[in-house]
Amino acid sequence: MIVHCWITEMNIIALWSCVVFAVDMFISVGCQPVFLKTKNGVIKGRILKSRDGRPYHSYTGIPYAKPPIQRLRFMPPESAEPWNGTWDATKEPNICIQEGYVDGYEDCLYLNVYAPETDKKRLPVIFWIHGGGFTWGHSGSGLFGPAYFMDKDVVLVTINYRLGILGFLSTEDDVLPGNYGMKDQVLALRWVRENIITFNGDPDQVTICGGSAGSASVGFHMLSPMSKGLFHKAILQSGSPVCIWANCPSGVSRKRAYSVATIAGCNFNNSEDILNCLRILPAKYLQSEMHTKLFTWLKYPAILFSPVVENCKSRQEAFLCHHPIYDFQQESFVPAIIGMNSAEGGLMAIPLYNRTSLLYTEFSEDFNRLWPIISGYNFYVTPENIHKIVDKIRKKYYPSGSINDDSHSETVKMFTDSIFTKCVFEMAYQLSSPVYGYIYNYQNEFSHNKIYGSCDKPLGVTHGDEMNSLFKMNDLNPIELNEEDLKVSKLMINIWYKFVSTDIPTVDGLENSTPWSKFTQSDQSIMYVDSDRPVLIKNPYVDVYEFWKKLPITSIKKKL
Ligand SMILES: *[C@@H]1O[C@H](CO)[C@@H](O)[C@H](O)[C@H]1NC(C)=O
Ligand SMILES: *[C@@H]1O[C@H](CO)[C@@H](O)[C@H](O)[C@H]1NC(C)=O
Ligand SMILES: *[C@@H]1O[C@H](CO)[C@@H](O)[C@H](O)[C@H]1NC(C)=O
């Protein structure tokens with residue numbers, strides 16, 4: 001009998017209780033647990049089954065950085081130290097401490113690697129960056145379960161990075177430059193470059209991929225000098241670095257850092273004082289109590305800490321040198337998929353309504369004040385312009401003039417366009433490398449609108465709903481996909497896999513089928529997915545984009 005274990009090809013040092021069930025077959029059951037020798041030390045993983053029943057190796061909670069605590073809080077991450085003995089990579093890693101979640105830790109810089117058993121060598125790598133407004137979320141297998149991708153010859157890496165104040169506080173100087181969470185992502189990418197070959201991944205075929213703020217992060221990496229050379233393709237799902245919510249204009253982050261220091265009772269005359277004061281406060285206080293004190297109305301603005309422009313002439317490594325909205329400068333010219341869902345705005349509309357009513361009448365009565373706060377446009381628009389803009393928006397999206405108990409759909413549309421359509425397509429227009437556009441309009445049985453609030457009215461394919469097709473999301477939807485959802489899921493996995501593994505994406509992910517035409521200014525072809533038979537259509541958002549583009553939205557630029 002020939003014992004041929006996939007992992008014997010790698011730096012495997014031990015196989016426990018290997019039971020051989022068949023000759024000339026990869027051992028799928030019996031190789032449990034599995035051990036792998038990485039650069040930093042030995043890790044212990046597990047063998048699990050993909051959706052179609054193929055064995056894959058799961059390593060969860062591998063440290064890629066030193067715990068960013070004490071002297072490393074508010075600092076760029078440092079590479080993880082080697083360890084003696086065996087690192088247990090069978091458990092879910094710590095979740096980064098965050099607002100509204102009790103089980104988070106400051107020590108959270110871990111990643112997960114999943115690799116299928118196959119005799120193919122050097123598989124393409126998908127590097128997944130979770131969303132959550134740079135403030136919430138994690139990449140654990142309960143939200144981003146690998147079972148669907150593991151049907152394919154691809155290695156999946158999912159990461160945690162610092163969030164909220166701890167990830168993004170910035171005084172916009174060299175003392176607290178910000179972007180710690182983005183630098184965590186870069187360090188994780190460097191880890192992939194160094195280590196992924198050990199997991200049968202190809203460091204020269206890395207696709208960075210993300211949703212929402214993870215998608216904006218992917219876009220930021222395309223603009224960052226730090227990320228250059230670490231990835232080769234990009235997938236942006238429902239977010240971009242030119243989104244208002246992914247940025248602040250200069251000066252805003254600094255003011256916010258001063259607010260944090262003031263609320264925390266710091267005695268400060270300069271940024272060093274702020275750093276010294278905030279570094280010793282409990283992380284829990286900063287991420288919960290502090291965070292809620294910064295809201296202006298209800299829980300808005302939802303995103304208080306996000307990437308900032310740094311001084312790229314300082315001695316420290318800087319992540320971002322130019323403001324994406326005012327001075328778009330691409331650094332990595334890699335092919336990109338960019339797209340969104342048809343009714344993203346449910347994310348923002350759902351919390352404002354229940355089935356029968358608008359829950360906050362002031363949203364209608366005080367729309368001119370509240371909409372800019374909720375959308376984050378108030379940081380970008382001069383007070384003189386804000387009323388003009390908001391009046392136009394109200395007229396366009398609520399033609400009757402009233403925002404009432406039944407205007408759910410209008411509000412969804414208004415947020416879809418203001419927060420997503422505009423900046424997703426802006427990104428597609430700005431990039432000078434190949435872009436493939438998509439619109440996901442398939443209604444799965446599970447909708448993320450269920451978690452955005454208590455309004456149970458069907459309001460379309462919302463923010464995050466494409467995840468139904470890409471990841472097994474046990475924590476949100478423990479049941480199996482129904483027959484139709486499964487077909488669309490297999491389609492999406494095929495399409496994404498074709499893009500990451502070859503140079504010719506197709507509209508159904510199959511070989512030799514209709515090529516997915518590039519999205520260009522002159523040929524605005526977009527793949528439209530509303531069933532398991534996607535089609536290429538013309539960009540339906542040309543007029544919407546024009547409307548938003550014409551508003552004097554970035555008029556505040558020169559004022560700060
Ligand atoms: C690992 O073991 C060696 C030899 O015993 C020791 O010198 C070293 O400090 C240990 N490293 C760690 C990280 O424990
Ligand atoms: C800030 O300056 C004032 C006045 O010089 C001084 O009393 C105070 O101690 C300084 N604060 C810190 C944290 O150094
Ligand atoms: C919706 O909210 C309104 C106002 O708070 C309340 O009167 C009504 O009962 C709620 N309806 C449902 C279906 O929960």
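An oxygen atom of ligand 2 lies 2.3 Å from an N or O atom in the side chain of Asn269. This distance comes from a predicted model. Asn267 also reaches ligand 2: one of its polar side-chain atoms lies 3.3 Å from a nitrogen atom of the ligand. How much of ligand 2 does the protein bury? Taken alone, ligand 2 exposes 360 Å², and the protein buries 35% of that.

Now turn to ligand 3. Its surroundings are Asn354, Thr356, Ser357 and Leu359. Sorted by class, this shell holds 1 nonpolar residue, 3 polar residues and no charged residues. Two of the residues have side-chain atoms paired with atoms of the ligand. For Asn354, an N or O atom of the side chain is 2.3 Å from an oxygen atom of ligand 3. For Thr356, a side-chain N or O atom is 3.1 Å from a nitrogen atom of ligand 3. On its own, ligand 3 has 360 Å² of accessible area, and the protein covers 37% of it.

The table sets out the contacts for both ligands.

| Residue | Ligand atom | Distance |
|---|---|---|
| Asn267 | nitrogen of ligand 2 | 3.3 Å |
| Asn269 | oxygen of ligand 2 | 2.3 Å |
| Asn354 | oxygen of ligand 3 | 2.3 Å |
| Thr356 | nitrogen of ligand 3 | 3.1 Å |

Next come the cavities. How many cavities of 30 Å³ or more does the whole structure have? A search finds 7. The largest cavity holds about 60 Å³ of space. Its lining is made of Phe168, Leu169, Ser170, Cys248, Ser253, Arg256, Ala257, Leu304, Phe305 and Ser306. By class, that lining splits into 6 nonpolar, 3 polar and 1 charged residues.

Finally, consider the annotated domain. An unreviewed UniProt entry places the feature "domain: Carboxylesterase type B" at residues 35–534. Across residues 35–534, the chain is 29% helix and 16% strand.

Terms used
Residues numbered from 1 in each chain as written. Chains lettered and ligands numbered in written order. Predicted model: local features only at pLDDT ≥ 70, side-chain atom pairs only at ≥ 80, totals over all residues. Heavy atoms only, no water. 1 Å grid on protein atoms, 1.4 Å probe; cavity = no way out; pocket = protein on both sides within 12 Å on 5 of 7 lines; lining within 4 Å. Points joined across faces, edges and corners; volume = space filled by probe spheres on them. Nonpolar A, V, L, I, M, F, W, Y, C, P; charged D, E, K, R; others polar. Polar contact = N/O pair within 3.5 Å; in protein donor to acceptor, adjacent residues only side chain to side chain. Areas by Shrake-Rupley, 256 points an atom, 1.4 Å probe, with all protein chains shown as cover. UniProt positions renumbered as here; feature names shortened; annotations may be inferred. Helix = DSSP H or I, 4+ residues; strand = E, 2+ residues; numbered from the N terminus. Near = heavy atom within 4 Å.
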